[in-house]
Amino acid sequence: MRILLASLLVALFLAPVFAAEEDAWAIHAEVELSTQDAGGLDEVYLPMGLEGTPVASDGHIQWTWWPWSAQTGSDWPDDDAIYRASNRNLSLDPNATTPVIERHLLDATTMVELSGDVKVVSAEDRVRMVAFDLSITPLENLSNHTILYVVLTENIAEDQHRRQAEQLVREMRPEVAFSVKANTTTDFVSMLPADHLTAAGVDLAQEPTGWSYSVAVFGSEEGNNDTARLLALAHGRVPAPSSQSGIDQAWTPLLLTAITAVIAVSIIAAVRQREQTIPKLQATWNAESPTSTTISVQAGQLDFRITNWQVSPPWRFKGRPPKLKLSAGQTKTIVVDFREPNTTDCHIEVAIEIESYGAWRQHLWLKARGHGVLSHQEEE
């Protein structure tokens with residue numbers, strides 16, 4: 001009881017400092033991460049005609065990808081589907097009549113332990129988002145290429161043309177900000193932010209039910225960088241306010257206020273620390289040359305170095321861009337040349353290592369010429 005009272009007093013003292021955040025942030029629903037016994041994961045890339053849409057294998061979780069919105073005018077999101085197919089080196093045929101399926105069996109040996117909570121929260125604009133409060137513990141040393149993916153799927157999706165699909169991926173976020181050393185636990189918050197969900201057609205206020213989440217870890221043991229396996233998988237329904245019946249009766253308003261304040265402070269601190277640590281990369285096409293782009297690189301609060309560059313076909317580098325090492329806060333500009341011009345968007349993947357944080361990946365998307373020149377940056 002004395003500890004509880006002390007926690008309440010701390011929260012009340014913090015409340016004036018974070019008054020805006022306390023008033024703005026709210027927890028609408030919460031559930032413990034479900035690490036049920038799934039046999040594996042099926043990734044299904046639908047054909048444009050939606051012919052032969054499969055059902056998940058027995059005991060498997062399914063992610064359904066739709067990469068054809070640009071061709072069909074569908075309001076389903078397709079950017080993550082295109083990125084994922086490129087990341088998996090898959091060639092998708094727009095004339096195909098059968099889906100492309102990748103089946104990942106869950107590794108028989110437990111190499112990673114996952115735990116945490118899934119929360120539906122909102123900020124000052126009252127638009128709801130999903131926060132994953134996660135703990136990840138490798139049980140043996142893992143490859144630096146190990147990635148955790150947080151995915152939101154719609155159980156039964158229908159676009160404006162009355163197409164339907166099950167477990168359609170609406171939003172995906174890759175994470176690598178965790179230790180890959182054995183028996184080292186990393187606690188962090190991964191967000192599916194409101195603006196991303198809105199762009200993906202997700203409104204958890206108007207439609208609080210009908211959504212599922214997945215947390216999947218792909219990687220391998222240390223020294224085996226060529227084979228990425230499914231090491232851990234959690235899956236469940238996104239919690240809805242109706243599943244929290246009785247919470248107002250069970251807790252006093254004062255305690256709810258204190259809990260909200262503490263959660264808000266922890267989420268805000270985690271997001272701010274991430275933003276201040278991650279380097280910022282931006283690319284623009286050079287007006288004088290159709291095969292040249294200028295990339296500005298700005299380090300965050302920690303030293304980092306670029307270890308590798310990759311570009312998705314049909315684009316090809318003319319010579320390998322330099323491997324840079326920047327100190328905290330340092331800025332550098334380089335010019336990257338390509339062998340020949342193309343009419344497709346240009347996707348550049350940059351492998352980096354941040355001091356004390358380990359390996360990360362940055363993604364730069366340059367729109368095809370004539371469709372804008374500013375790049376879009378994503379982190380893993």
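## A tour of strands, a hairpin and a helix

Start at L152: its bridge partner in strand β8 is E171. Keep in mind throughout that this model is predicted.

Now widen the selection. Take residues 147-158, strand β7, together with β8. The two strands pair in the antiparallel sense, over 10 bridges. In general, the strands of a sheet pair through backbone hydrogen bonds, either parallel or antiparallel.

Next, follow the chain from β7 into β8. The two form a hairpin, with five residues between them. Stop in the turn and click R162, which has a positive phi of about 70°.

Stay with β8 and select residues 164-175. Is this strand mostly covered or mostly uncovered? Mostly covered: 10 of its 12 residues are buried.

Move on to the open sheet. Its four strands come in the order β1-β5-β6-β9, with antiparallel pairing. Which strands sit at the edges? Select 26-32 for β1 and 186-192 for β9; each of these edge strands pairs on one side only. From one strand to the next, the twist averages 20°.

Then pick out two neighbours in that order, β5 (residues 112-122) and β6 (residues 128-138). They pair in the antiparallel sense over 11 bridges. Click E113 to check one of the links: its bridge partner in β6 is T137.

Finish at a helix. Select residues 79-87, which make up α4. Which of its residues are buried? They are D80, A81, Y83, R84 and A85. Step just past the end of α4 to N89, where phi is positive, at about 60°.

Technical notes:
Residues numbered from 1 in each chain as written. Predicted model: local features only at pLDDT ≥ 70, side-chain atom pairs only at ≥ 80, totals over all residues. Heavy atoms only, no water. Buried < 20%, exposed > 50% of the residue type's maximum accessible area, 1.4 Å probe, protein only. Pairing = 2+ DSSP bridges. Axes fitted to C-alpha atoms, helices over the stretch in contact; angles between N-to-C directions.
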